[in-house]
Amino acid sequence: MRRGCLSVGTVNCDICNRHIPYPERYVMVDEDGKGDEVRLGGKSVRYCIECAQKKGYAHYKEIKGEMTLTFLRDGGDVISDPVAEND
Ligand SMILES: [Zn+2]
């Protein structure tokens with residue numbers, strides 16, 4: 001499962017270890033420990049936008065003439081809207 005998040009400035013990407021400054025977006029993905037996305041019960045891994053794009057978890061899509069970042073499943077369903085990180 002994927003959750004789009006908004007950094008409050010205290011998080012790092014788990015993949016490249018880059019600090020994710022406020023108000024940059026990132027995505028939390030539940031994975032099975034081998035890098036594969038699972039629906040439930042996995043380990044939450046934080047991806048910065050760059051790493052998420054490399055892995056195919058984030059895409060830029062043109063919506064109403066603007067390039068908007070989306071976190072989509074292969075079928076094109078929106079998993080979640082960006083929410084504030086609260087842990
Ligand atoms: Zn990264």
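Helices, of at least four residues, and strands, of at least two, are taken here as DSSP runs and are numbered from the N terminus. On this basis the chain of the predicted model comes to one helix and eight strands, and from the N terminus on these elements run in the order β-β-β-β-β-α-β-β-β. Of the 87 residues of the chain, 18% count as buried.

The confidence of the prediction was considered next. The chain averages a pLDDT of 84, and 82% of the residues score at least 70. Among the elements, the highest mean pLDDT, 97, belongs to strand E3, whereas the lowest, 47, belongs to strand E8, which spans residues 83-84. Over residues 75-87 the pLDDT is below 50, although this stretch has 24 contacts in the model beyond near neighbours in sequence.

The interior of the chain was then examined. In soluble globular proteins, nonpolar side chains tend to be buried together. The largest nonpolar core of this model has 14 residues, and those that touch the most other members are Tyr26, Val27, Tyr47, Cys48, Ala52 and Tyr57. Strand E4, residues 25-31, and strand E5, residues 43-48, each supply at least two residues of this core, and E4 gives the most to the core, with four residues. The surroundings of Tyr47 can be described in detail: with residues up to four places away in sequence not counted, Tyr47 touches Cys13, Ile15, Tyr26, Val27 and Val29, and also Ala52, Lys55 and Tyr57.

The phi of Lys64 is near 50°, a positive value in a residue other than glycine. Lys64 has 5 C-beta neighbours inside 10 Å and, because a residue with 12 or fewer such neighbours is classed as exposed, Lys64 counts as exposed. Thr70, which is found in strand E7, is instead partly exposed, with 14 other C-beta atoms within 10 Å. The C-alpha atoms of Thr70 and Ala58 are separated by 5.7 Å, while the two residues are 12 residues apart along the chain.

Some backbone features in other loops also deserve attention. Most residues other than glycine have a negative phi, and most peptide bonds are trans. A cis peptide bond, with omega at about 0°, joins Tyr22 and Pro23, and Pro23 lies in the loop between strand E3, residues 19-20, and strand E4.

Pro21 is likewise found in the loop between E3 and E4, and it is exposed, with 11 other C-beta atoms within 10 Å. With residues up to four places away in sequence not counted, Pro21 touches Ser7 and Gly9. Ser7 and Pro21 are 14 residues apart along the chain, and their C-alpha atoms are separated by 6.3 Å.

A further loop, between E4 and E5, holds Asp32, which counts as exposed with 11 C-beta neighbours inside 10 Å. When its neighbours within four places in sequence are left aside, Asp32 is in contact with Val38 and Gly42. The C-alpha atoms of Asp32 and Val45, two residues that are 13 residues apart along the chain, are separated by 9.9 Å.

Methods:
Residues numbered from 1 in each chain as written. Predicted model: local features only at pLDDT ≥ 70, side-chain atom pairs only at ≥ 80, totals over all residues. Core = buried A, V, L, I, M, F, W, Y, C linked by C-beta atoms within 7 Å. Buried ≥ 20, exposed ≤ 12 C-beta atoms within 10 Å, placed from the backbone. Contact = placed C-beta atoms within 7 Å. pLDDT = per-residue confidence, 0-100.
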